[in-house]
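Subject: Structure for your review

Dear colleague,

Please find below the structure I am handing over to you, together with its sequence. My findings follow directly after it.

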Amino acid sequence: MGRVTTSAALRARMARRYADLGLPSWANPHPNGEPARDHEYSRITDPARYTVVHARARVWAELLSELPDVEAETLGSARLDDHFGDFDRGVRLISTRPNTLPLLLLERDAALNAGAGMIAVLHIAVARPDVALAMVPDCGCDACDWGSADLLDVIDDNVERVVGGPYVVLRGDHWQAQWYPGGGSSSSSGGRTMDHTALLDSCRRIAEGADVELPTGTEVLVGRSWADFSPQ
């Protein structure tokens, strides 16, 4: 395969391959921020259409495994955590370039209530299954449906952030933070309160190579780019 020069070019190749599959797409049923109706919260009109999230991940896995110095490892079922339970299958993509983090695309076939079938769910993680970046869809009900393009963008954005680098994850006792150029997030639980702005600033400084004072026991994961994504 030829030299990859921009992450945009990689994403465009992925989109072309995905389009060749001819999978369903659907418009945002809540355009212009239209609020959901009460009955939509208890309804999943077409659970089968969410298989697009597994298909998108598989196209990404195929394309990334073709990059120089990237290896793909097939995963069987394993535990995510006490909240999400198990995933059914997946792939760990590993770049052998220095200081990179593995990307995990984990598929789950989640059972719906009252024996109403299954819904495809994709978990995106970095380094290990328990270091979660996103769950797509985060909820499959009609009220939380913003169209297929929204789902696919979440997948693409998270993959691109890890592959493009830098990507920093901080994990402590009941808190975590994730940072990438242009954005980031943080969360806490168990009554722990953390300063979001300070956490993201610490992540940014770590990405720049600075020594940063962190709470005792903090796990620090720093990932660099998987390829040469410098502009032409």
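Beyond its neighbours within four places in sequence, N99 is in contact with V222, G223 and R224. The C-alpha atoms of N99 and R224 are 5.7 Å apart, although 125 residues separate the two along the chain. N99 lies in the loop between β4 (89–95) and β5 (103–111), and it is exposed, with a relative accessible area of 58%. Please note that the model is a predicted one, and that the values in this message are computed from it.

With residues up to four places away in sequence set aside, A125 touches P102, L103, L104, V131, A132 and L133. Its relative accessible area is 1%, so A125 is classed as buried. The C-alpha atoms of A125 and M135 are separated by 9.0 Å, the two residues being ten apart along the chain.

Helix packing

Two helix pairs deserve a description. Two packed helices are described by the angle between their axes and the distance between the axes.

For helix α2 (residues 51–65) and helix α3 (residues 148–164), the axes come within 10 Å and cross at roughly 30 degrees. An angle under 35 degrees counts as roughly parallel, and α2 and α3 are therefore roughly parallel to each other. Their crossing is right-handed. On the α2 side the contact is made by V52, V53, R56, W60 and L64, and on the α3 side by L151, L152, I155, D156, V159 and V163. These residues comprise nine nonpolar, no polar and two charged.

Helix α1 (residues 7–19) also has an axis that comes within 10 Å of that of α2, with a crossing angle of roughly 130 degrees. That angle makes α1 oblique to α2, and this crossing is right-handed. Here L10, R11, R13, M14, R17 and Y18 of α1 meet V52, A55, R56, V59, W60, E62, L63 and L64 of α2. By class, the contact of α1 with α2 has nine nonpolar, no polar and five charged residues.

Cysteines

How many disulfides does a search of the whole structure find? The search finds zero. C139 is in no disulfide, and the nearest cysteine sulfur, that of C141, is 3.6 Å away. For C144, the closest cysteine sulfur is in C141, at 3.6 Å. A disulfide requires the two sulfur atoms to be within 2.5 Å, so the sulfur of C144 is too far from that of C141 for a bond. C139 is partly exposed, at 32% relative accessibility, and C144 is likewise partly exposed, with a relative accessible area of 29%.

Backbone geometry

Most residues other than glycine have a negative phi, and most peptide bonds are trans. The following places depart from that pattern.

- V136 and P137 are joined by a cis peptide bond, with omega about -10 degrees; P137 is in the loop between β7 (132–136) and α3.
- G165 and P166 are joined by a cis peptide bond, with omega about -10 degrees; P166 is in the loop between α3 and β8 (167–172).
- D69 has a positive phi, near 70 degrees; D69 is in the loop between α2 and β1 (70–75) and is partly exposed, with a relative accessible area of 45%.
- A127 has a positive phi, near 75 degrees; A127 is in the loop between β6 and β7 and is buried, with a relative accessible area of 17%.

Yours sincerely

How values were computed
Residues are numbered from 1 along each chain as its sequence is written. This is a predicted model: local features need pLDDT of at least 70, side-chain atom pairs count only at pLDDT 80 or more; totals for chains, interfaces and linings use all residues. Side-chain values use heavy atoms; hydrogens and water are left out. Buried means under 20% relative accessible area, exposed over 50%, partly exposed in between (1.4 Å probe, protein chains only). Axes are lines fitted to C-alpha atoms, for helices over the stretch in contact, and angles run from 0 to 180 degrees between N-to-C directions. Helices (H or I, at least four residues) and strands (E, at least two) are DSSP runs, numbered from the N terminus. Angles under 35 degrees count as roughly parallel, over 145 as roughly antiparallel, 65 to 115 as roughly perpendicular and the rest as oblique. A crossing is left-handed if the near helix is turned anticlockwise from the far one by less than a right angle, and right-handed if clockwise. Contact means heavy atoms within 4.5 Å. Ala, Val, Leu, Ile, Met, Phe, Trp, Tyr, Cys and Pro count as nonpolar, Asp, Glu, Lys and Arg as charged, and the others, Gly among them, as polar.
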